[in-house]
Amino acid sequence: MMTWPGTGQANASLVIHSGQELLTFARGDAYALLRGYIAGQGETDWQSQQCLLEQLLTRFISQQDLQLAAMKGSFTLLLATANPTRLMIFQNVVGNTFTYYRSSPDGLQFSNQLAELGKANPVLNQQALPAYFIYRFSPGRETLFQGVHRLLPGEQLLYEDDELRVETRQTYADLASANQITRIPDAIESVESAMSEISRDQVNRYPGASGLLSGGVDSSYIQAHWNLAWQVSGKTNQIGRAHV
């Protein structure tokens, strides 16, 4: 769990650690974090993504428009500055990780693990319990813990001057409009093209990886694209395997 201090804090600091799915960058008292990858603006290798992350942080520091809705890929982006105290988290509509957050006297607390925020505020959200027991899922921004919310796909969180604002910046309709999808055959072709591009990117990013899938129709579809991408990339000596 991370806490971003409000303006009442003397020293704002954010400690973040890189991992296989996490890129970080720091410049003085400014920080950037990228989980996943951003496509459509150049190469998707780690070095190119690191350069893009630096560019986005520079634009955030100068408060330029980041054009988040135009970014493709699957990612969650965090940008923060300590002076002035500003923090932004954006998850695009196909981002594959959750971000949970809550306001506290110390500032904004956030994490990709709901349990961590639940420990900090172990009060059950009584309104969300019925939906959870019926659907095994709490809909919308609500979670099982009172005061803890979920950032939805396409939403941007901005914490500035001790004020929290959450707004929708990207929708599925935006993606359809950008790709001029008006017919079912066009939608199918768009999905095929997107899956091929994603599979090629992932094969290049994770050499030697294989698929650990459920064996369902969706998994078979993903595996077929993965295998084709692997052959196109020249790595025909290792073919991903689906495990039932």
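This is a predicted model: local features need pLDDT of at least 70, side-chain atom pairs count only at pLDDT 80 or more; totals for chains, interfaces and linings use all residues.
Residues are numbered from 1 along each chain as its sequence is written, and side-chain values use heavy atoms, with hydrogens and water left out.

Stay on helix 5, residues 184–205. Its 22 residues reach 31 Å from the first C-alpha to the last, close to the 32 Å expected at 1.5 Å a residue; the expected span is 1.5 Å times one less than the number of residues. Helices (H or I, at least four residues) and strands (E, at least two) are DSSP runs, numbered from the N terminus.

Next, select Asn-83 and Pro-84. A cis peptide bond joins them, with omega about 0°. Pro-84 sits in the loop between strand 4 (72–82) and strand 5 (85–91).

Move to Arg-136, in the loop between helix 3 (129–135) and strand 8 (149–150). Arg-136 is not a glycine, yet its phi is positive, about 60°. Is Arg-136 buried or exposed? With a relative accessible area of 60%, Arg-136 is exposed.

Asp-161 is the next stop, in the loop between strand 9 (155–160) and strand 10 (163–168). Asp-161, also a residue other than glycine, has a positive phi near 55°. Its relative accessible area is 55%, so Asp-161 is exposed.

Now show the side chains for the salt bridges. A salt bridge is a side-chain nitrogen of Lys or Arg within 4 Å of a carboxyl oxygen of Asp or Glu. How many salt bridges does the structure hold? There are 4.

One of them pairs Arg-141 with Glu-155 at 2.5 Å, N to O. This pair links distant parts of the chain: Arg-141 in the loop between helix 3 and strand 8, and Glu-155 in strand 9, 14 residues apart. Arg-141 is partly exposed at 34%, whereas Glu-155 is buried at 3%.

Select Arg-165 next. Its side chain meets Glu-160 at 3.8 Å and Glu-163 at 3.9 Å, N to O in each case. Salt bridges that share partners join Arg-86, Glu-160, Glu-163 and Arg-165 into one network.

Conventions: Buried means under 20% relative accessible area, exposed over 50%, partly exposed in between (1.4 Å probe, protein chains only).
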